[in-house]
Amino acid sequence: MFHFQALYDENGVDPTEFKDDVVTEFVMPSFAEPVPATALPNSLVLNGWAQLLFHHTRRTREAKGILVNSFTELESHAFRSLSNGETPLLSILWDPY
């Protein structure tokens, strides 16, 4: 969500334009591989929903920290892209012993 909200605010990219697009792929910081437009959630590409999601994404950026329900070792690429040094990013700590 952060990536699409930034694309919309900074570059005027409207995700609803990609609803039936079978050609476009997005290079997203939290994914290791490009994401096809057909894989975008309906809530992002349907008219009226994107603005609501972007509003909540902007508010999330104001948080003092974000708790991610995953392991850093499992999704290291996503964790690196999300940790910008400003907002603490907390993950599950796992010790098998």
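## Helix α1

Helix α1 covers residues 2-11, and its buried residues include Phe4, Gln5, Ala6 and Leu7. This picture comes from a predicted model. The cover over the buried residues of α1 includes β1 (25-26), α2 (42-45) and α3 (49-61). Just after α1 comes Gly12, with a positive phi of about 70°.

## The nonpolar core

The largest nonpolar core has 12 residues, among them Phe4, Leu7, Phe18, Phe26, Val35 and Phe54. Three elements, α1, α2 and α3, each give two or more residues to this core.

Take Val35, one of the core residues. Setting aside neighbours within four places in sequence, Val35 is in contact with Thr24, Glu25, Phe26 and Met28.

## Aromatic pairs

There are three aromatic pairs in the structure. One of them joins Tyr8 and Phe54. Their ring centres are 5.2 Å apart, with 35° between the planes, and the pair is tilted. The partners sit in distant parts of the chain: Tyr8 is in helix α1 and Phe54 is in helix α3, 46 residues apart. Tyr8 counts as partly exposed because its relative accessibility is 26%. Phe54 is at 0%, so this residue counts as buried.

Phe18 and Phe26 form an edge-to-face pair, because their planes lie at 80° and the cut-off for that class is over 60 degrees. Their ring centres are 5.0 Å apart. Phe18 is buried at 14% relative accessible area, and Phe26 is buried at 8% relative accessibility. Ring pairs also bring in Phe4, giving a cluster of Phe4, Phe18 and Phe26.

Key: Residues numbered from 1 in each chain as written. Predicted model: local features only at pLDDT ≥ 70, side-chain atom pairs only at ≥ 80, totals over all residues. Heavy atoms only, no water. Buried < 20%, exposed > 50% of the residue type's maximum accessible area, 1.4 Å probe, protein only. Helix = DSSP H or I, 4+ residues; strand = E, 2+ residues; numbered from the N terminus. Contact = heavy atoms within 4.5 Å. Core = buried A, V, L, I, M, F, W, Y, C linked by side-chain atoms within 4.5 Å. Phe/Tyr/Trp six-rings, centres within 6.5 Å; stacked < 30°, edge-to-face > 60°.
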